[in-house]
Amino acid sequence: MLRTDEILSTIQMLHAEHLDVRTVTMGVNIQDCASADVEAMCRKLRHKLTSRASRLVETCDRVGGKYGLKVTNKRLAISPVAHLLSGHDLNAAVAVAKTLDQAAAEVRVDLIGGFSALVHKGISSGDKVVIDALPAVLSQTQRLCASVNAASRRAGINMDAVRLLGEQIKAIAEATADRQGFGAAKLVVFANIPEDNPFMAGAYLGDGEPEVVINVGVSGPGVVSSALKRRLELEPNLTLGELAEEIKLTAFRVTRAGELIGREVATELGIPFGIVDLSLAPTPEIGDSVGEILQLLGLDAIGAPGSTAAVALLNDAVKKGGAFASSSVGGLSGAFIPVSEDAALADAATRGHLTLEKLEAMTSVCSVGLDMIAIPGDTPAETIAAIMADELAIGVINNKTTAVRLIPVPGKKAGDRVDFGGLFGSAPVMPVRNPGASSRFVRFGGRIPAPIQSLSN
Amino acid sequence: MKTVDNRFKHAYVLNVMADDRPGIVASVTKAISRLEGNIDACSQTVLHGYFTLIMVVSFPRQLDTEDLLREVAGPPDKHSNFRVQLMPFHLPKASKEKYDSFVITAFGPDREGIVLRFSRVLADKGINIVDLFGDRTGEQFVLIGQLQVPKRWDIAMLQADLEQIGRESGYTVRLQHEDVFVATNQLRLPSQHKSLPVT
């Protein structure tokens, strides 16, 4: 029999503190859709996705309803489109992208990820088509998300790809200038891309994954901050160790909720369950913010000295709670710090407390990277590439995933405001220091070699 | 539901209600022990200073229930309330209907007839209440029931019905499968959802 206090605390977590299953993401391998004929390829893709995912949304809604736990987003993640596009041209890439976009709309998922290329060591012909097509694709589709892995622990950093991507990010933003460069928010550039990540925009289905799989992303910054607030009201003199313990406990409970939903959805659809990704993914809503957790941990200004240490504590406690809750934890599993999507972080950026450089430092100890950051539209492509190179280097050297999602907003300068709407939130355009001063470095190109694995200081 | 495994042939259900104080369980079990009885199952709770105990006890020989009651109740005590009830125990017939375990929670302003309103709906639908908790704090009332909901009911419809009844009385009502509470509070994940082999 359940205890009353157990029931009440779960009710509190589910209904007063914004705990939701942020996404149930169905991974689908699309390699069997390859064809020399573009029309046939698009037909196969549409058929495969609409038949595999036809019951995804209704099943998530029904299972979520049974437990009183909302599945906020249902999404698709496919194996990298680059594998299909070898030997094809840009028009084929756009046709495939539009087909994916329509298939996603047909099965009522809000996003589909996997317009992706893995180029950490070199760029194949299919990868090149994907990268070249990004401005056209991301400006002409609504639901499609793209990702490129440009660096890895074992390969180092492909600086040729990084340079190319710097140019493409600007081109994407220009192609979606009417939406404040929003197309760039649908591209993530990774080091050590996870193969089972359910969160967008970086979700794709990696090699070694099943034909079809259910991965779940659970969030809950609101649950963590409420738990901390409650504890601190009762015992204001807690130590950081005790606060970490509270975060860990909360992470355990949140992960469990996600695994429960994920497994039942997978069982009902008759496909394997993959992983639950416990990430503190904020939304612009008040009370659903990672920044607020940092404030509770004693930082009056987010970005002040101590911010990196606080994020490290938070990220590690989240991982420990998640790992104990489930043997199927995967994906990114940590704390996200997407600036525009987190009201407290956006506010700190507006006040000038939080800078690009401090964000970079914080990402060395948390998921996932420089995320949802608006920068001046006239930032040189080489400088964007260099920012990416810095972030990817953190991932490669520290053997972790890092990523970059920058939006060079056309026509805007530092201090202006952009509003992307909905979950993407709003933020100030952050200043980029020393623009143009990295051009010579980036133009060298080639590959930054893979790091030594010993002598680890 | 697990059925009771009686140790001896002659089984009774024993119910004790009393002002709560230390020693009630000791005195009740001492009486049972004296009559060579065995406790097959028991559950006890204390609510706002009142003690209640329900037990299934069995004995090797037929007892005079009056004797047993006298033995358990002991000499009359003017200073504290102590009531004992006893009836023969029969294994309940197992219902053929399959059910799922759900939890209903209702929060709202305390007023007359709230528990009646919800329990009547549940009764009409053949939903059994296996545990009930209610508490009034200030003007607010919270009601939590653990339920056995026959599988024939459409959960979404049932939820909508209960929520509607709640709204009419200013109550927030939720009906949720118990596994969400198990998963988020207990160390083991509910095991009924086996994952499929990886293909």
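## Polar contacts between the chains

Between chain A and chain B, 14 residue pairs are in polar contact, both residues at pLDDT 80 or more; such a contact is a pair of N or O atoms within 3.5 Å, where within protein one must be able to donate a hydrogen and the other to accept it, and residues adjacent in sequence count only if both atoms are side-chain atoms. The count of salt bridges between the two chains is zero, a salt bridge being a side-chain nitrogen of Lys or Arg within 4 Å of a carboxyl oxygen of Asp or Glu.

## Basis of the model

This is a predicted model, in which local features need pLDDT of at least 70 and side-chain atom pairs count only at pLDDT 80 or more, while totals for chains, interfaces and linings use all residues. Residues are numbered from 1 along each chain as its sequence is written, chains are lettered from A and ligands numbered from 1 in the order in which they are written, and side-chain values use heavy atoms, with hydrogens and water left out.

## Extent of the interface

In chain A, 31 residues are in contact (heavy atoms within 4.5 Å) with 35 residues of chain B. Leu2(A), Lys66(A) and Arg256(A) supply 21% of the area that chain A buries against chain B, more than any other three residues.

## Chain A as a whole

Chain A spans about 65 × 50 × 45 Å along the principal axes of its C-alpha trace. Of its 457 residues, 62% are buried, meaning under 20% relative accessible area with a 1.4 Å probe, protein chains only.

Conventions: Buried area is the accessible area (1.4 Å probe) that two parts lose on being put together, summed over both. Buried means under 20% relative accessible area, exposed over 50%, partly exposed in between (1.4 Å probe, protein chains only).
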